[in-house]
Amino acid sequence: MSGNVSTPANLKITSRDLAFGRQGPSPRHWLGGDPIATAFYNALSASFPQGERFFMDAVRAFKSKADPKLQDQITSFVTQEALHTREHVFFNQLITGAGYDLSRMDAVIKKRLGFGRTRSKIEQLGATIALEHFTAILAHEALANPAHFADATPEARRMWKWHAIEEIEHKSVAFDTFLAATRDLPGWQRYFIRVRTMVAATLLFLEFLVRGVRDLFKQDGINTFASWRKMFAFVLYRPGMLGRVIPAYLTYYKPSFHPWEEDDRGLIAETEAALNLQAKAA
Ligand SMILES: [Fe+2]
Ligand SMILES: [Fe+2]
């Protein structure tokens, strides 16, 4: 059911315990002085701390089903996501420090994830692999296309690209955990769980983004048709963070899908060197 592709045997998952933006406050519109572009990434960042905690719990619940190698990867995955949570909590404090109120978004996420936690453990893992596919393809696009963060403040650019590097590195951990956890189920049933949870995750993710952006637009006094038109252009084609990942998104619906069909580790080394994002020596 997982096709011919699997996780590269020599995959390394490294935790880069780096801190970003501690020098001082961030400009309110940190992405090119543009409230539209900034609102998109601020809404995304608002979702991360609680979202990533949900992922960690969903994967850890099945650790005992994993072989020793995958168990090690789960440990590395959890360490990376915990660091991402720490840095997005800080980034969200910068957003708040710049005058935005994220409390309504926090409450919405809490409610959605609270509902998620009432579902079966396997469905929670299903939602996690779906959202990890989102983060992996967005991360690929963030690193492959310099246009996305070209106008960001240098520290914001480093933070988002650091997160992207690690999302690529650990993109198969939740997925392989799902394969291990469901190995006794018939193939069609595993596929059905994957598709059902992806459809639900996609709708919830997009609904959250629209809601979060609307909240931020209101706070900037720009919740107008013109702003939304600019937002659609921004996310779909100029530079198109969401529009450009549609083909990669759709690969998830192939029964044989595996995250390492696209081996994009070359982007990691390149970005680490360009932005000085190597792990600190122990
Ligand atoms: Fe993450
Ligand atoms: Fe992740």
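**H5 against H10**

I began with the pair H5 and H10 in this predicted model, where the two axes come within 10 Å and cross at roughly 155 degrees (axes are lines fitted to C-alpha atoms, for helices over the stretch in contact, and angles run from 0 to 180 degrees between N-to-C directions). H5 is therefore roughly antiparallel to H10, on a scale where angles under 35 degrees count as roughly parallel, over 145 as roughly antiparallel, 65 to 115 as roughly perpendicular and the rest as oblique. I took the helix labels from DSSP runs (H or I, at least four residues, with strands as E, at least two), numbered from the N terminus.

H5 passes H10 in a left-handed crossing; a crossing is left-handed if the near helix is turned anticlockwise from the far one by less than a right angle, and right-handed if clockwise. With contact taken as heavy atoms within 4.5 Å, I listed Arg157, Arg158, Lys161, Ile165, Ile168 and Glu169 in H5 against Leu267, Ile268, Thr271, Glu272 and Leu275 in H10. By class, the residues of this contact of H5 with H10 divide into 5 nonpolar, 1 polar and 5 charged (Ala, Val, Leu, Ile, Met, Phe, Trp, Tyr, Cys and Pro count as nonpolar, Asp, Glu, Lys and Arg as charged, and the others, Gly among them, as polar).

In the segment after helix H10 (266-275) I noted Asn276, whose phi is near 55 degrees, a positive value in a residue other than glycine.

**H1 against H5**

I then looked up H5 with H1, which pack at an angle of about 50 degrees with their axes 13 Å apart, and the two are therefore oblique to each other. Their crossing is left-handed, and the contact is made by Tyr41, Leu44, Ser45, Phe48 and Glu52 of H1 and by Trp160, His163 and Glu167 of H5. I recorded 4 nonpolar, 2 polar and 2 charged residues in the contact of H1 with H5.

**H4 against H7**

For helix H4 (residues 121-144) and helix H7 (residues 187-220), I found axes that come within 8 Å and cross at roughly 60 degrees, which makes H4 oblique to H7. The crossing of H4 past H7 is right-handed. Among the residues that meet are Ala127, Leu131 and Phe134 in H4 and Met198, Ala201 and Phe205 in H7; the contact of H4 with H7 has 11 nonpolar, 4 polar and 3 charged residues.

**The largest pocket**

I next searched for open space on a 1 Å grid over the protein atoms alone, where a pocket is an open set of points at which a 1.4 Å probe fits, with protein on both sides within 12 Å along at least five of seven lines, and lining residues have an atom within 4 Å of a point. The largest pocket has a volume of about 810 Å³, the volume being the space filled by probe spheres set on the points. Of the 37 residues that line the largest pocket, the closest to its centre are Phe55, Ala127, Leu131, Ala201 and Phe205. H1, H3, H4, H5 and H7 are the elements that give two or more residues to this lining, and H4 gives the most, with 9 residues. The lining divides into 24 nonpolar, 7 polar and 6 charged residues.

**A cis peptide**

I also noted a cis peptide bond that joins Arg238 and Pro239, with omega about 5 degrees; Pro239 lies in the loop between helix H8 (225-236) and helix H9 (246-250).

**Conventions**

Residues are numbered from 1 along each chain as its sequence is written, and chains are lettered from A and ligands numbered from 1 in the order in which they are written. In this predicted model local features need pLDDT of at least 70 and side-chain atom pairs count only at pLDDT 80 or more, while totals for chains, interfaces and linings use all residues, and side-chain values use heavy atoms, with hydrogens and water left out.
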